[in-house]
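Me: I have a protein model open and would like to learn how to read it. Could you take me through some of its features?

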Amino acid sequence: MAKRFHQPREDAEFDFILGMSSDPVLAYFTGTWPKAIEPCREMDLVVGGIAEEYMGRLTVVRTDITRCPAATKRYEVTGAPSYVLLKEGEAVAHGAGPMTVAEVRQFLDGHL
């Protein structure tokens, strides 16, 4: 099975993944503080399924806010889970909070 999503360890790796992707990128921002852990864990399953469903049309990057602070600031992410859809490095849509699979599809399909 292919890797469902990329998980950069630092901002430089995040930027490298963005630069290498010819597809739009869903940057899915997660957190490790107590109030973020459970919602982010639930969204890992949803976003993982979306990554498989949209494979070949979308690159998914699971981004830990504490490991990628520059990306977090650049895309004005203030909480977790949060989502930024990027085309050619530019944010075209923002979302936040837990979402169902249908809600994530709707979020993406309006911009892909």
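Reply: Happy to; we will look at strands, a helix and some aromatic rings in this predicted model.

Me: Let's begin with the strands. In which sense do β1 and β3 pair?

Reply: They are antiparallel, with five bridges between β1 and β3. One of the places to look is V25, whose bridge partner in β3 is L86. L86 also stands opposite A91 in β4. Strands β3 and β4 run antiparallel too, joined by six bridges. In their hairpin two residues lie between the strands, and E88 takes a positive phi near 55°.

Me: How many residues of β3 are buried?

Reply: Five of the six are buried, so β3 is largely enclosed by the rest of the structure.

Me: Which residues are buried in helix α4?

Reply: Those are V104, F107 and L108. They cover an arc of only 95° around the axis, which puts them on the same side of α4. The buried residues of α4 pack against β1, α2, β3 and β4.

Me: And how do I describe a pair of aromatic rings?

Reply: Use the distance of the centres and the angle of the planes. For F14 and Y75, the centres are 6.3 Å apart and the planes are at 55°, so this pair is tilted. Both F14 and Y75 are buried. Y28 and Y83 make a stacked pair, at 5.9 Å centre to centre with 10° between the planes. Y28 is in β1 and Y83 in β3, so the pair ties together parts that are 55 residues apart in sequence.

Me: Which residues form an aromatic cluster?

Reply: F14, F29 and Y75 form one.

Terms used. Residues numbered from 1 in each chain as written. Predicted model: local features only at pLDDT ≥ 70, side-chain atom pairs only at ≥ 80, totals over all residues. Heavy atoms only, no water. Buried < 20%, exposed > 50% of the residue type's maximum accessible area, 1.4 Å probe, protein only. Helix = DSSP H or I, 4+ residues; strand = E, 2+ residues; numbered from the N terminus. Arc of directions from axis to C-beta. Contact = heavy atoms within 4.5 Å. Pairing = 2+ DSSP bridges. Phe/Tyr/Trp six-rings, centres within 6.5 Å; stacked < 30°, edge-to-face > 60°.
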